[in-house]
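Open the model in your viewer and keep the selection tool handy.

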Amino acid sequence: MMGNTNNEIAARSDQVFIGTYSRYPAAMVKGAGCRLTDAEGKEYLDFLAGIAVCGLGHCHPAVTAAICHQAGELVHVSNLYYTEPQTELAELLTAHSFADRVFLANSGAEANEAAIKLARIWGGGERYGIISLTGSFHGRTLATVAATGQAKFQKGFEPMPEGFSHAPFGNLVVLDAMITDQTCAILCEPLQGEGGVRPLDREYLQGLRALCDKHELLLIFDEIQTGMGRTGTLFAYEQLGVVPDIMTLAKALGNGLPIGAMLTRKGIAAAFTPGTHGSTFGGNPVASAAAVATMKVMLADGFLTEVRAKGNYLHEQLQVLAARFPTLAAGARGLGLIQGLVLTEAGVEKGGLIVTRMFEKGCLINFAGNVALRFLPPLIVSREEIDQMIQLLTEVLGEM
Ligand SMILES: *Cc1c(COP(=O)(O)O)cnc(C)c1O
């Protein structure tokens, strides 16, 4: 007999998995909208959405229908042949962004790898250096770990691949001084997600654009977490008055099916020719069909306007909470429905405990960058669900 309580499933997992994760003691069995249900029937209000992945919530009917339909038609052929789902996805991505060329991958790290390789081959060999920012997160492969500006992700895996350096967050003067004849690109998240919901301001990002123009560098925006409607526009760059040369996407692109994308313009894309880069699964028909269905829902009239309105509402409620618990919380920050409650020094000590108490009370949030509680609800979240989360968080902060 296979066990089926949370603890039984957890115990079986611990016998067979390599220990890369520390998990909460729940085995999830079902999801609908903003709710998850575990193996023992306990419900959770999900304010993480699989780490900004299920933008349309769990098992959105349009996405489920697209997956089921495509799974009955064709699941995989590799990129030796064309398929319509991936073509339609690339058409949608280019029609609604600065880009006119797309490469499809299976994850965020792979989309960033594609961007890094494109920047290097575009740089022609002599120019290979990529400058990213401290506090950033770009993935777990060796090159993306090297690009990531947090030592804890690199520790033990040295030596890092060459050609990556990190400029201090928000400081243009230092970054300018780091640019050399070998530099080919600047890589940054318009708002750092894993780093603790840290937005970069418009002036800084516009300054980056100006530096890239002056030194003929590529500006790469990692919108893996901020893209796909999360900030209240389809892509965060639209609100910031800065257009990148390359943009990477993943997370919410397939509403839960693994898919990533690297977008750019024709002239830059031309540096990649047949055989220079590729992926067996990238642009898989089922994942692409899920992404097409996801994009169509997000592009429907009023959807993103609602995300902005609900984002403002969540932000205000978090500000109220911060004012009520000033010893624990310093304030709220974020854009749209990626919001953080920045903790004080005393609050940071309790960050892990707050998340655990929220979990026990049936609400999923996390603690990002050891500085902020992070809220990433499905974009379809209701105001009532925001109120419920705030109510639970008020109780938990009251306990501390
Ligand atoms: C999650 C994330 C990645 C990595 O994506 P994976 O799909 O886990 O490889 C890269 N960059 C940012 C900004 C992310 O949030």
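**Stop one: around the ligand**

Select helix α5 (residues 108-123), which gives the most to the shell around the ligand, with three residues. Helices are DSSP runs of H or I with at least four residues, strands are runs of E with at least two, and both are numbered from the N terminus. Before going on, note that this is a predicted model, in which local features need pLDDT of at least 70, side-chain atom pairs count only at pLDDT 80 or more, and totals for chains, interfaces and linings use all residues. Residues are numbered from 1 along each chain as its sequence is written, and side-chain values use heavy atoms, leaving out hydrogens and water.

Now show the residues around the ligand, among them Ser 107, Gly 108, Ala 109, Asn 112, Glu 189 and Lys 251; each has a heavy atom within 4 Å of it.

- A polar backbone atom of Gly 108 is 2.8 Å from an oxygen atom of the ligand.
- An N or O atom in the side chain of Asp 222 is 2.7 Å from a nitrogen atom of the ligand.
- A polar side-chain atom of Gln 225 is 2.8 Å from an oxygen atom of the ligand.

Taken alone, the ligand exposes 380 Å², and the protein buries 82% of that. These areas come from the Shrake-Rupley method with a 1.4 Å probe.

**Stop two: Thr 144**

Next, click on Thr 144 in helix α6 (residues 142-147). Is Thr 144 buried or exposed? Thr 144 is buried, with a relative accessible area of 0%; buried means under 20%, with a 1.4 Å probe and protein chains only. Leaving aside neighbours within four places in sequence, the residues in contact with Thr 144 include Ala 109, Asn 112, His 138 and Gly 139, where contact means heavy atoms within 4.5 Å.

**Stop three: helix α11**

Move to helix α11 (residues 285-299), where 13 of the 15 residues are buried, so the helix is largely enclosed by the rest of the structure. At the N-terminal end of α11, look for its cap, Asn 284: a side-chain oxygen lies 2.9 Å from the backbone nitrogen of Val 286.

**Last stop: the whole protein**

Zoom out to see 14 helices and 17 strands. The C-alpha atoms fill a box of roughly 55 × 55 × 45 Å, taken along the principal axes. Buried residues make up 52% of the 400 residues.

Definitions and conventions: Buried means under 20% relative accessible area, exposed over 50%, partly exposed in between (1.4 Å probe, protein chains only). A polar contact is a pair of N or O atoms within 3.5 Å; within protein, one must be able to donate a hydrogen and the other to accept it, and residues adjacent in sequence count only if both atoms are side-chain atoms.
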